[in-house]
Amino acid sequence: MAKRHKRFEALEKRPVNQDGYVTEWPEVGMIAMGSPNDPKPSIKIKDGVIVEMDGRTRDEFDFNELFIAKYGINTKVAEEMMAMSAVDIARMIVDINVPREKVVRVFSGLTPAKIAAVIDELNVVEMMMGVQKMRARRTPANQAHVTNTQDNPVLMAADAAEATCYGFAEIETTVAVFNYGPFNALALLIGGQVGRPGVLWQDSLEESIELELGMRGLTAYAETVSVYGTERVFIDGDDTPWSKGFLASAYASRGIKMRFTSGTGSEVQMGYAEGKSMLYLEIKCIMLTKAAGVQGLQNGSISCIGVPAGVPGGIRAVLGENLVTACLDLENASGNDQTFSHSDMRRTARLLMQFLPGTDFITSGYSATPNKDNMFAGSNVDIDDIDDWLIIQRDLKVDAGLVPSSEEKIVEVRNKAARAMQAVFTELGLPAITDEEVEAATYAHSSDDMPPRDKVRDTKAAQDILKRGITGLDVIKALAKQGFADVANSVLSIQKQRVAGDYLHTSTIFDTDFNPIAAVNDLNDYQGPGTGYRAEGERWKQLQTIRQAIRPEDL
């Protein structure tokens with residue numbers, strides 16, 4: 001055996017070398033951008049109808065292309081915009097003298113292949129400049145995952161309260177055991193409003209159950225409605241763009257905010273990439289979302305992140321998909337959720353491309369628990385990283401959507417959320433939550449710190465919530481009757497917003513007084529230095545006031 005160089009032996013033990021890497025393989029779609037099999041941009045329009053797009057005639061379109069051609073491209077400007085060179089459009093994205101609305105108009109007339117060509121002209125710094133200008137909402141925000149391996153509802157409520165106390169505008173849960181779904185929704189409904197009135201919450205389950213929970217007022221939004229870039233992958237999921245559009249209208253007609261989900265690499269992962277690049281296929285997903293009339297998209301590779309992360313330029317392509325979403329005037333929940341690397345440097349590098357310019361939701365799933373409790377397969381950042389996140393914001397004077405909190409405040413909101421869950425369970429006749437559980441949830445780090453619950457009784461009771469027809473109004477009455485009037489009023493305020501419909505506008509979140517902050521009243525106005533969102537005034541004071549900082553009066 002050849003003698004080894006000691007530095008290479010040491011290097012091979014580094015975390016970064018526990019990750020997987022592959023060379024490009026265009027034939028199966030293992031290429032981030034610019035596959036030789038990607039089509040060349042083209043368009044022909046006759047009597048207002050697209051009869052050719054990206055080298056294919058209308059009779060050759062698959063159903064994705066037909067849907068995009070019919071609903072996703074502005075035929076009134078398409079020929080004009082397609083005539084522009086890709087590099088000129090790319091320069092418009094970066095140019096601070098070109099307003100956002102002009103870029104949005106150009107992108108409304110581009111085909112998938114043309115958009116791919118535009119993005120390929122940009123390096124990652126230029127893409128970040130573009131994201132800063134093109135995101136829909138002026139004010140950046142963040143979303144958290146709140147789950148645990150035991151589906152323990154009292155711990156979940158406490159974790160939701162802690163997460164929202166740190167400033168998350170949205171929180172999302174899923175289950176270890178499917179039948180727990182209604183309990184998890186209830187935990188986020190109650191705990192979330194304790195930590196931050198105005199938070200939106202969702203429960204990632206099978207789509208019909210998600211819709212039912214939303215209709216009952218037990219959740220406030222949905223985002224796990226997936227779209228794909230090739231017809232074969234869609235068909236394998238028993239779906240079409242039309243069925244997804246119908247589902248989106250079902251949510252919207254009932255006052256429930258929703259966005260689609262897609263991600264670079266999904267078609268490769270499912271084996272039907274048709275030899276196209278990951279970004280080209282993802283652009284089709286983004287255009288399908290726009291064509292369906294949905295206000296936003298969760299993308300940034302999401303659960304497929306290991307695929308682009310293994311090929312050259314893959315993380316650049318992930319940033320590219322976030323930029324395309326913004327240029328098509330959609331809300332962007334920009335990923336940074338599923339873990340993909342053993343290397344702290346790599347996962348931070350992947351994060352900073354959204355963290356620094358800001359997106360509508362910088363993470364679409366910051367784990368509000370230790371990753372061992374994250375039922376979304378772990379996150380790129382978790383609760384044990386919270387101090388790092390807050391200090392990086394302070395170091396760089398960047399508002400990445402989170403705010404410092406004291407240990408005393410976190411203990412207070414966790415305890416209140418646990419007690420509120422205990423009260424609601426009592427009032428609704430659900431299996432009792434003991435004082436021991438409340439105490440444990442108040443101070444717990446993970447589900448290992450919780451006493452066991454009777455899982456059989458809990459799963460039956462969770463399903464009984466659906467059978468009994470329990471709604472958000474029942475929860476409001478239970479909270480009020482048990483002495484949690486402020487939490488009851490917060491839950492009621494969300495139900496009122498369902499009727500008003502204001503949070504169906506693009507990129508809507510609420511402040512703590514339930515005022516909507518959206519692209520219609522908080523439109524991104526960045527056009528270079530001195531413009532756009534800035535961390536300043538009281539917000540900057542809040543961001544810099546970390547608990548670790550020594551004050552003059554402490555000396």
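**Aromatic contacts in the predicted model**

Trp-242 has a relative accessible area of 36% and is therefore classed as partly exposed, the range for this class lying between 20% and 50%. The model under analysis is a predicted one. Eleven aromatic pairs were identified in the structure. In one of them, the ring of Trp-242 is paired with that of Phe-67 in an edge-to-face arrangement, with a centre-to-centre distance of 5.0 Å and an angle of 85° between the planes.

A tilted pair is formed by Phe-183 and Phe-425, for which the centres are 4.9 Å apart and the planes make an angle of 50°. Phe-183 is located in helix α9 (residues 181-195) and Phe-425 in helix α19 (residues 407-427), so this contact ties together parts of the chain separated by 242 residues in sequence. Both Phe-183 and Phe-425 are buried.

Aromatic residues were also found in a cluster, whose members are Phe-168, Phe-355, Tyr-366 and Trp-389.

Contacts between charged groups and a ring were found at Phe-361. The charged end of Arg-259 is positioned over the Phe-361 ring at 4.8 Å from the ring centre. The charged end of Arg-137 also sits over the ring of Phe-361, at a distance of 5.2 Å from its centre.

Conventions
Residues numbered from 1 in each chain as written. Predicted model: local features only at pLDDT ≥ 70, side-chain atom pairs only at ≥ 80, totals over all residues. Heavy atoms only, no water. Phe/Tyr/Trp six-rings, centres within 6.5 Å; stacked < 30°, edge-to-face > 60°. Buried < 20%, exposed > 50% of the residue type's maximum accessible area, 1.4 Å probe, protein only. Helix = DSSP H or I, 4+ residues; strand = E, 2+ residues; numbered from the N terminus. Lys NZ or Arg CZ within 6 Å of the ring centre and 35° of its normal.
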